[in-house]
Amino acid sequence: MNDKIIREVYEVLESRRDNPIDSYTSKIMQNSDKKAEDKILEKIAEEAGEVLIASKNDENLVYESVDLIFHTLLLLAYKGIDLDDVFDEFARRRK
Ligand SMILES: N=c1c2ncn([C@@H]3O[C@H](COP(=O)(O)OP(=O)(O)OP(=O)(O)O)[C@@H](O)[C@H]3O)c2ncn1[C@@H]1O[C@H](COP(=O)(O)O)[C@@H](O)[C@H]1O
């Protein structure tokens, strides 16, 4: 497995947004506008807290970081951000 997985997962998230099915990400994105955003933001805050605890305890840091990254990707997909904009911003900052 390599970094293509991010693109792959993001495409699935866009598809869950545009063609909803009975799944975790579709359901969260199908809430009324403000509620969907609030629920995703709430998950991001929760997962950030879990990363903090994982780091302090030296336990499950990769697992919890992926939860945080995943929910951040979910927010970006929900907000209609092009994933290339994220990669471009990283590239722009590269020294
Ligand atoms: N990578 C993920 C992924 N990571 C986490 N999660 C889900 O996010 C939810 C919330 O995570 P939490 O850590 O809070 O888990 P929890 O079950 O609430 O419990 P605790 O961790 O608090 O014990 C859980 O239901 C996880 O299964 C994910 N759900 C989906 N994906 C990807 O997104 C794609 C689309 O998902 P679906 O909408 O389910 O098809 C999938 O194909 C996957 O590639």
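H4 and helix H5 (83–93) each put at least two residues into the lining of the largest pocket; helices here are DSSP runs of H or I with at least four residues, and strands are E runs of at least two, numbered from the N terminus. The model is a predicted one, so local features need pLDDT of at least 70 and side-chain atom pairs count only at pLDDT 80 or more, while totals for chains, interfaces and linings use all residues. Residues are numbered from 1 along each chain as its sequence is written, and side-chain values use heavy atoms, with hydrogens and water left out.

Back to that pocket: its volume is about 170 Å³. The lining consists of Ile 6, Ile 69, Thr 72, Leu 73, Leu 76, Leu 83, Val 86, Phe 87 and Phe 90, which sorts into eight nonpolar, one polar and no charged. A pocket here is an open set of points on a 1 Å grid over the protein atoms alone, where a 1.4 Å probe fits, with protein on both sides within 12 Å along at least five of seven lines; lining residues have an atom within 4 Å of a point. The volume is the space filled by probe spheres set on the points, which are joined across faces, edges and corners.

Now for the ligand. Its shell (residues with a heavy atom within 4 Å) includes Val 9, Arg 16, Tyr 24, Lys 43, Glu 46 and His 71. Helix H1 (4–18), helix H2 (24–29), helix H3 (33–57) and helix H4 (61–78) each supply at least two of the shell residues. By type, the shell has four nonpolar, three polar and five charged.

| Side chain | Distance to a ligand oxygen |
|---|---|
| Thr 25 | 2.4 Å |
| Asp 67 | 3.1 Å |
| Glu 47 | 3.4 Å |

On its own the ligand exposes 830 Å², and the protein buries 52% of that (Shrake-Rupley areas, 1.4 Å probe).

As for the chain, there are five helices and zero strands, and the C-alpha trace spans about 40 × 30 × 25 Å along its principal axes. Of the 95 residues, 22% count as buried, meaning under 20% relative accessible area, with exposed over 50% and partly exposed in between.

The Asp 82 side chain reaches the backbone nitrogen of Asp 84 at 2.9 Å. From Thr 25, Asp 82 is 57 residues away in sequence and 18 Å away in space, C-alpha to C-alpha.

Key: A polar contact is a pair of N or O atoms within 3.5 Å; within protein, one must be able to donate a hydrogen and the other to accept it, and residues adjacent in sequence count only if both atoms are side-chain atoms. Ala, Val, Leu, Ile, Met, Phe, Trp, Tyr, Cys and Pro count as nonpolar, Asp, Glu, Lys and Arg as charged, and the others, Gly among them, as polar. Buried means under 20% relative accessible area, exposed over 50%, partly exposed in between (1.4 Å probe, protein chains only).
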